Every structure is written in C-alpha cells, then in structure tokens.
Amino acid sequence: MDAERKSGLMDFEFSDIQKIRAVKKLVFSLSFTQEELDQLVAELAILAVTPAQFSERVLTKPESNVVDIASRQHSYLVTDTVSDVPQKTRTEVLKEFLQSFSGKPKVLDGYRGMSVTISRKEKTIQLRDSNKSQYFRLISYPISHQFTNDDADLLIAAHSRFMQRREAGMPWRELGYLLNGSYRQIVTFKDLFEYYKESASSKRIVAINRIQQRYFNEQWGVKKIALYSAGNFKVDYLDRTVPTRQPSDRNEVIKIINAAISKAKADMKVKIDVQQLVRKGERSRADNTDKVPPKLSTLAAFLKESYDMGEKQLVLSLITQLMVSTRKTRTNFLQWHRVNIDECYVEVPSHESKTKFVRYPFPARFRDIVLSLQSTQLSAGKDSQPNWLFESKTHANRPARTLDKEFNQVRANLLNKAKATGASEKELNAIRAFTQYRIRDIVQKLVLKVGATLSQKEKCLGRQPDDVGYAYDELSIEALCELKDKMIEHIEAEHPELKALFQCLIDKRIC
C-alpha cells in the first residue's frame, strides 16, 4: 500500500503541486484557530481513506476520536510526501518550462513581473513593474539553446534582485546588477573621481582632472568620504589654501562633488556611504535677473530650422522641453517607462530632481506626438521598444548624445541666414543667447498668460509651491494638464507654422 501511494505521488504533475500550494495559501489567508485547523485536517483525512480503512483504524483503537484518527492519517499522508518523495526543484521546473515553451508571451508562474516571449530566432526573458510599463529586455537565448540549471538559477537570482529593488522603490533597470548582482564600492574621493570620469566627455574630463589634481591629489584623494560632513569638508577642501587656486575653483569643486555623488547614488551597481558635504548656499551663483528672457518667436525659428535640416530628434527634444518642461538633461535622457501616456505626466524620481519626486504634466498635443513616436519605434523592425525616447542612431539601447551638436549646427545656420537678410544686432544676440535650458522661461511666461496662479506655474515647472498654494490652489495633474492645453492653444494661435509642425509629427501623411 505504502509503495503504491508513494508511486502515485511521484507521478504528480507540476499543476497538481500548484493546486496544493493554492489550497495552502487559501487556508493561511483564512486565519484558522488551532481548533478549526484540527477540524479541517480531520475532515480531509476522513475523505482520504476508504470505508474499510476507516473501520480498520477505528477497530484498532476504539477509543480514538475523529481528531486522533485524522492526526494519524494526516501524518501518513503528508510525512511520506515531504520526506520521501523527490520533488522537482524550482530550478528544474523553470528550466523544463523554458525549454518546452512556445506560443504566446507568458508570465512565468511564481515570478511576478517576469515573462517570456518567443520569436523565430530567440526566446527572450523580460521584466516590467506594472501592466502599463514598458518591457525591459533582460536576456535572450537562441531557439536552439538547451537550457541548463545554471540558466534557471541566473533568472531566479535576477528576479529576486528585481523584486528587492521594486519593494525598496529604487531603480532596477540595470542589466549588470540584475544578472550579476555585483556592486562597486566607492570609499575614497579618488574612487569617486575615477567613477565620475568614466561617463564624462573628454572635454569634461580635462576640467575634472584639473580639480582633482589641485584639491584631491595624494593624501587628500585617499581620505574616506564617509568620515566627512559639511563642516570638515568645507575646511579641508573648499577653504583650504592651494597655491594654484583660481577664483572659480570653489564653485567647480562643489559642482563636481555634488554631480558625482548624485550619479553614484542613482547607480544601482554602486554602493557609497556619504553625508551631505555641501550646505545649501555654499555655491555662488551669478545674478541672472537682468537677462532678457527668450522669445517664443526665437524658439519657433529653432524648431522650424531643425525640422528643415532633418534633425527630427532635436525637434522632438525641443518640443518635449516646451510641453513637458523638464530640465534639459532629464528631457534628452527621458526613458519610456517614465512617461504615463494615459494620465499625461512624466515622472522624475527624487535622485534625479532638485525638488524630490516630481510629476510634470503635459498637454494632449504632446500625448498625440509621443504616441506617434512610439508607433514609429515599434514599427522599425525591433523586437521591443527602446528604453529611450531619443535613442542613439548608432548604438542600440543607448540614449542619443548628439543633440547638443545638432542644436549648435541649427544655431549656426540661423545666424548665417539672419546675417544674410540684414538682421539687427539685437536679433542676432537673441539667436546667440537662446539655449534649450531657457525654454522653461518661455513656459513660465506662457502659463501665467493663460491664467495659471503662481503655485500652478511652479508645479508646471516641477518646483514646489508655497504653503498657501498647497492650501488653496488646484494643483492636480488634471488641472495642470488643462493649463498646458491652453498654453498650446495660445502658441498655435500665435504661430500657425508650429501647429502645422505638430500635426506633421502626429500624422506624417499630411506633410
């Protein structure tokens, strides 16, 4: 009898095990008392034996009650199953499932947010943190690949890291961390500078090296960052006498240190223990209040010239800066999973923002433009949508890094044309002074012009309104999106050529 029972249990299918687990979860969710649990076990045990077996056990021990019988039967059923019957491990189950998988994309059972899809050439494992998020491509295997336990263990570990990051509210879209789980420890100022230089441009590296050589060389570079606070950092680095010190060095040290620390904190592959090293107000800033704000007509000229030159990514970047109003770096490196198309806002997490977590509202016109862009990217013969709105033209899954160069070429063209038509020095200066950063100044004026309160204006630009604004103004995303809609209506009425340009980006058939 025992051998037959064990043989039957060994033939359990994976789906049978899942059923058992589902029942266990249900039982746990009901929060039975011990008495109720004993009664349930008794009822199940009685169902599991034949009348003959039941009579035999009662006659063997007549004084037994139903719970005693159930306890013996429960022990008979469960103990053998757990201790004697070999079950497939999670690794083996996942390996066999992936090997035999075919058909439509499927979420992997027991691995929330992880799914598998198949094409003619490969099987792809992908992740996403909600039903509305874009898929993140984790790893692909050729169709002919024979899955091993190591493959399955790799995916199980990656899913565990993915879930840990999600539950902690931290960024998780980093292949190196998900697949390898490796961290880079930044301990000293030298470690921090070397890390920061790895992603800097060659021109920027020259400036970083200059500051490192003056203020963080030799014994000053190997000091541990964790031992410093704002007070002793100011004494040792900001105010220390250095023979080659330049007037601008203090600001440059602050700018480099803050940028390097922010980058390290945002990098999930990096561990850094650091306090606040620079107090608010330490950095001296120029008084720009007397600078002439840019004009909408200048932006319109840049957009039209960019479009005529075929710089479509630059056009979209400038429009994003106008309609979403994120800061320039966040605009040019905007990722699809940050764009909530249905509710019309872009999310910027606290480690990338000057004012903590921010939602930037955008108008319906921008939603239509990004839907068209999304459709174009998905129809470009790629297996999945890129991570970035503005993807590199030469490297897949990397952001474009030529937008500044394209912007400068557009400015040079506009200056040449303006000079050829006899433009005044004032008009030429307006072109020279125009930057992508200052598009937010245009937005600031326009939202006020269409009726925004001061607090609503601040929220539209991703800033924090004052307490009075929080108490009395309508600051919902819906209300701010309506203001942005009015802003776009104003722009299109004043510059019909921009309305035509927006329509071309939405529906290329009309261009």
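**Exercise 1.** Which residues of α9 meet which residues of α12 in this predicted model?

*Solution.* Start on the α9 side: Phe-189, Leu-192, Phe-193, Tyr-195 and Tyr-196 take part. Now turn to α12. Their partners there are Ile-256, Ile-257, Ala-259, Ala-260, Ile-261, Lys-263 and Ala-264.

**Exercise 2.** Find how the axes of α9 and α12 are placed, and name the arrangement.

*Solution.* Locate the helices: α9 spans residues 189–197 and α12 spans residues 249–266. Their axes come within 10 Å. The crossing angle is roughly 80 degrees. Angles of 65 to 115 degrees count as roughly perpendicular. Therefore α9 is roughly perpendicular to α12.

**Exercise 3.** Work out the strand order of the open sheet and pick its edge strands.

*Solution.* The sheet has 4 strands, in the order β1-β2-β3-β4. Their pairing is antiparallel. An edge strand here pairs on one side only. That picks out β1 (106–107) and β4 (136–142).

**Exercise 4.** How many bridges join β2 to β3?

*Solution.* Take β2 at residues 114–118 and β3 at residues 122–127. The two run antiparallel, and 5 bridges join them.

**Exercise 5.** Which strands does each of the helices α6 and α7 lie across?

*Solution.* Begin with α6 (residues 90–100). Helix α6 lies across β1, β2 and β3, at about 130 degrees to β3. Next comes α7 (residues 149–167). Helix α7 lies across β2, β3 and β4, running at about 180 degrees to β4.

Key: Residues are numbered from 1 along each chain as its sequence is written. This is a predicted model: local features need pLDDT of at least 70, side-chain atom pairs count only at pLDDT 80 or more; totals for chains, interfaces and linings use all residues. Side-chain values use heavy atoms; hydrogens and water are left out. Two strands pair if DSSP finds at least two bridges between them. Contact means heavy atoms within 4.5 Å. Axes are lines fitted to C-alpha atoms, for helices over the stretch in contact, and angles run from 0 to 180 degrees between N-to-C directions. Angles under 35 degrees count as roughly parallel, over 145 as roughly antiparallel, 65 to 115 as roughly perpendicular and the rest as oblique.
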